[in-house]
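Please look through the sequence and the three-dimensional model below before reading on.

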Amino acid sequence: DINSQLHLATKTTQATKVTKETVVPEPAPGNYQINEFLPQAGTPGIELRGPVNEQSFQGCLWSLLTNTQQAGFLTVDSVLSVSGDFDGNGLLLVSPGLDFGKRDSFAVFLTAGCPDSGLSLLKDDVQFFKQMQQVYDSIWLPHDDTAGHVLRGTLRHIRTRMASIAPGASVPGTVLGFSGPRPQLVFRDGSTRDLYQVRTLGSGPVFDASGDPVTVSQSNLLLDPTKGTPGRPNPVGSNFLTRDSVVIGDPHIHTMDGGQYTLLREGSFLLWRFGLPQPHVEWQIFAHYAGRQSFTKGLLLVDTSGSEPSSMEITSEHCEWQTQSSSKKWSPVNSEAPEVLLSNPSSRMKLVGNQRKDVKKIQLFIADEKDPVATLKVMCRQGHHINLKLHMENQKWASFVSGELKGQKGQPRMPTAKTSMLQLATREDEDFEIKKTWAQLGGSSHAQQYLQNLDEHPNKLMFSQMCNPQAQADARALCQKHLGTVEHSSYLEECVYDVCVGGGEVSAEMAAEMLKF
């Protein structure tokens with residue numbers, strides 16, 4: 001029964017080091033949702049979202065205790081009957097809202113009926129579901145990563161049990177990724193309905209539903225997402241988000257649209273392309289993934305904006321940038337900054353200060369524009385691999401971008417071939433694979449030979465052959481030492497995988513340094 005299942009899930013999770021698993025697939029969003037609330041003591045109100053101008057809504061808001069370490073786990077706490085009309089924006093502000101006190105872990109439910117305060121899901125689930133009647137929405141806030149894992153299992157069990165008692169019934173809900181101290185604001189995107197959490201009201205930082213930080217673009221800011229908009233339409237992500245796209249480790253790719261996956265193929269790929277018709281600007285960034293772990297081993301920037309193409313490249317052999325212009329000769333980049341590396345009438349690339357040869361920022365400019373289109377941040381460890389981060393400085397340029405880093409939300413994700421412990425989404429990106437040689441793309445013959453030598457290594461071993469449970473536990477401890485467990489939850493899982501498959505501690509060191517870069 002659900003009682004024994006939940007106790008088993010809790011006991012197992014507390015006894016082992018667990019990872020954040022893939023978010024449980026939700027049922028389709030219902031007509032009514034929790035749109036915005038402040039999870040703090042004496043919260044002034046909870047905003048609901050529903051059909052535009054619908055009148056006489058009747059429902060119930062209530063909270064569920066979810067701290068696995070305290071008495072009362074899965075017991076109804078505060079209960080509030082709700083009635084009112086949705087306005088012309090489809091919003092209904094319930095004020096005052098629920099008082100969550102100082103609880104560090106709880107779930108907020110919107111249902112058709114109200115359960116009794118103090119009713120335990122573990123002791124009487126049939127009565128519990130009978131009183132709820134219909135679940136419209138639920139948002140779960142864990143107090144740490146382990147609790148998040150338990151609550152995802154709990155939500156799965158509730159859905160299964162609810163369906164067995166009332167066939168056809170669903171339990172929409174999202175377990176938020178742990179992002180540190182309890183957020184002071186939780187809200188849905190005004191367009192997509194994606195969830196965001198704000199640690200400190202009025203200042204941020206802002207995290208997505210998975211607990212990963214997002215960058216707020218000041219240049220595109222129409223509504224400040226850190227301040228809350230009770231009774232008014234919520235901010236729209238496309239107007240406030242600027243996501244850094246990242247390639248890190250094996251490679252794990254984080255795209256501009258928020259996607260993240262592990263690439264399963266080796267070879268050369270079109271990582272990023274920017275094409276502007278007027279003035280004519282065309283930049284391409286190619287990456288070569290090679291070796292047993294398929295880490296990024298080469299990076300090539302090609303500018304074809306002018307009459308003569310120019311290139312710059314770096315490989316993990318020496319971690320030194322080389323440039324080639326109209327002279328067709330390759331020359332090393334001077335480590336002193338600033339320096340204009342490549343220049344055409346309509347574009348230029350500029351090195352931004354850093355004396356270290358293995359850590360560089362490269363800004364890409366259009367003609368005489370004062371601000372760059374994008375900043376490329378590259379970290380290279382000689383004999384190991386390359387990590388990179390690309391930041392679009394203004395989202396007005398995003399429509400001119402293509403390539404792996406652009407993102408492909410519509411593309412199906414392949415089932416992971418790794419283990420049940422590390423559920424990393426995977427892709428093969430065949431559309432972006434380039435069959436030309438490195439030299440044909442604009443790179444040097446020396447780099448081409450180096451990459452070819454790496455390509456001749458044997459195929460990498462299956463994850464399960466290299467990373468047994470003890471090796472995973474050791475890798476996790478190593479990654480937590482460098483990355484911690486709070487700010488970058490998805491990167492932590494990728495770090496564990498990289499260390500396990502042979503990347504060693506240097507993978508964890510580079511990941512931590514890259515995320516701070």
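**A guided reading of the model**

In this predicted model, the secondary structure of the chain amounts to 9 helices and 29 strands, where helices (H or I, at least four residues) and strands (E, at least two) are DSSP runs numbered from the N terminus. Because the model is predicted, local features need pLDDT of at least 70 and side-chain atom pairs count only at pLDDT 80 or more, whereas totals for chains, interfaces and linings use all residues. Residues are numbered from 1 along each chain as its sequence is written, and side-chain values use heavy atoms, with hydrogens and water left out.

Of the 517 residues in the chain, 54% are buried, a term that means under 20% relative accessible area, with exposed meaning over 50% and partly exposed in between (1.4 Å probe, protein chains only). The accessible surface of the chain is about 21,400 Å², and carbon and sulfur atoms hold 49% of this surface; such areas come from the Shrake-Rupley method with a 1.4 Å probe, and for residues only the protein chains shown count as cover. Among the contacts in the chain with a separation of 6 or more, 61% are between residues 24 or more positions apart, a contact being heavy atoms within 4.5 Å.

Strand β2 (residues 46-49) holds arginine 49. This arginine 49 is buried yet has no salt bridge, and the nearest side chain of opposite charge, aspartate 189, is 6.6 Å away. Leaving aside residues up to four places away in sequence, arginine 49 touches a set of residues including Tyr32, Asn35, Phe86, Leu91, Asp189 and Arg193.

The search of the whole structure for disulfides finds 4, each being a pair of cysteine sulfur atoms within 2.5 Å. Counting bonded cysteines along the chain, their pattern is 1-2, 3-4, 5-8, 6-7. One of them joins cysteine 319 to cysteine 380, with an S to S distance of 2.0 Å, and this link is left-handed, with -70 degrees about the S-S bond. Cysteine 319 lies in the loop between β19 (310-315) and β20 (322-324) and cysteine 380 lies in strand β25 (residues 374-380), so the pair ties together parts that are 61 residues apart in sequence.

Cysteine 467 and cysteine 500 form a disulfide with an S to S distance of 1.7 Å; cysteine 467 is in the loop between α7 (463-466) and α8 (469-483), and cysteine 500 is in helix α9 (residues 489-516), 33 residues apart. Cysteine 479 is buried, with a relative accessible area of 0%, and cysteine 495 is buried at 3%.

The salt bridges found in the whole structure number 11. Arginine 265 and glutamate 428 meet in one of them, at 3.0 Å from N to O; arginine 265 lies in the loop between β15 (260-263) and β16 (267-276) and glutamate 428 in the loop between β28 (426-427) and β29 (433-434), so the pair ties together parts that are 163 residues apart in sequence. These two residues belong to a network of salt bridges that links Arg265, Glu428, Glu430, Glu433 and Lys435. A further salt bridge, between lysine 481 and glutamate 505, has an N to O distance of 3.0 Å and links helix α8 to helix α9, with the residues 24 apart. Lysine 481 is exposed, with a relative accessible area of 60%, whereas glutamate 505 is partly exposed at 29%.

Note on methods. Lys and Arg count as positive and Asp and Glu as negative; His and the chain ends are not counted. A salt bridge is a side-chain nitrogen of Lys or Arg within 4 Å of a carboxyl oxygen of Asp or Glu.
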